[in-house]
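Hi,

Here is the structure I promised to send over. Have a look at it first, and then read on for what turned up.

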Amino acid sequence: MLKQSIPEELLKREAWKYYVAIFAWLIYLFLLPWAWSCSMALGFVLMVFPGVYLFTGMGFLMHECWHRYVPNVPNKLFFQIFSWLLLTDPQVYRLLHGSHHAEVNSWEDLEFHPFGRIKIRGLRILLNIFELIVGIAVLVIVQTFVMMNSARFRNRFKVSSLLIAIFMWTAYLVLIGLAAQRAFLVPVSGIVIPYVLTFWIGSLVLHHSQLIEHGNLFVSGDWNERNIKTRNLDPRGWAEKLFIFLPMGIRRNTFFIMCCLQFIPVLFPEGSLYRRMQY
Ligand SMILES: [Zn+2]
């Protein structure tokens, strides 16, 4: 058994963030239509902060739940809740994230390259352009499509999970949207437009920060060699500082996040395709 390098007491102190992130996101969505109706500029400011900050934060905490790093939170339940709040089907990330760690910085990383190596250059460029414009939402759609149609995932992918996810997305957005409409008497367009924008900007920033760490990076070599090439942002410029801040500082510590699996033995959840890793 590998030695755990972060004391359990320190990890346990992080538990409150999981509850606050969920609560703050729901409050944010409730207030956003009001801010948008006061002034579009105010709406945009809130979309950047706290909007993007909370969006990427929930993505990060979803990741932490997957690994079960913080022992005193209901990781399985929170993983599902974060997935639904981010408008994804929990099973997609649950099944694919192990591939990212096992095959990082190679075409076999199915989370980042769900189609594998696309042989036709034009199609590769087209997917890249969509990723740049739409963000991580494009990858999630492609991941879902590939899993539904791949023999490898046929026995693992459950249509019921996707249907439940669609129901959850609809239910929570409609309920909060209705509450905001009642409270602030805003038109439906004043709810739909800022909601679409906030998910789009969140999707963009989350994916662009991932592109900084792994984009266009294909390394041949063993697991350690591939991990060590993972990029970080240099935080000396103001733009870099902002871009590090928005995804909750994650990109400053990417290298640690990628390599800490060697030191923290809580690795891969049940059902993962990559439960055993070779170091
Ligand atoms: Zn991970």
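What percentage of the contacts in the protein chain with a separation of 6 or more comes from residues 24 or more positions apart? The figure is 70%, where a contact means two C-beta atoms, placed from the backbone, within 7 Å.

Two notes before the details. This is a predicted model, in which local features need pLDDT of at least 70 and side-chain atom pairs count only at pLDDT 80 or more, while totals for chains, interfaces and linings use all residues. Residues are numbered from 1 along each chain as its sequence is written.

**Overall make-up**

The protein chain has 12 helices and 0 strands; helices (H or I, at least four residues) and strands (E, at least two) are DSSP runs, numbered from the N terminus. Of its 279 residues, 32% are buried (20 or more other C-beta atoms within 10 Å of a residue's own; 12 or fewer is exposed, and in between is partly exposed).

Leaving aside residues up to four places away in sequence, leucine 61 touches Lys17, Tyr18, Ala21 and Phe82.

**H3 against H9**

The axes of H3 and H9 (lines fitted to C-alpha atoms over the stretch in contact, with angles from 0 to 180 degrees between N-to-C directions) come within 9 Å and cross at roughly 55°. Residues of H3 including Gly43, Gly51 and Phe55 take part in the meeting with H9, whose residues there include Pro194, Ile201 and Gly202.

**Tyrosine 69**

Tyrosine 69 sits in the loop between helix H3 (40-67) and helix H4 (75-85). Because it has 17 C-beta neighbours inside 10 Å, tyrosine 69 counts as partly exposed. Glutamate 8 is 61 residues from tyrosine 69 in sequence, yet their C-alpha atoms are 9.1 Å apart in space.

**Confidence**

The mean pLDDT (the predictor's confidence in each residue, from 0 to 100) is 88 for the protein chain, and 87% of its residues reach 70 or more.

Best wishes
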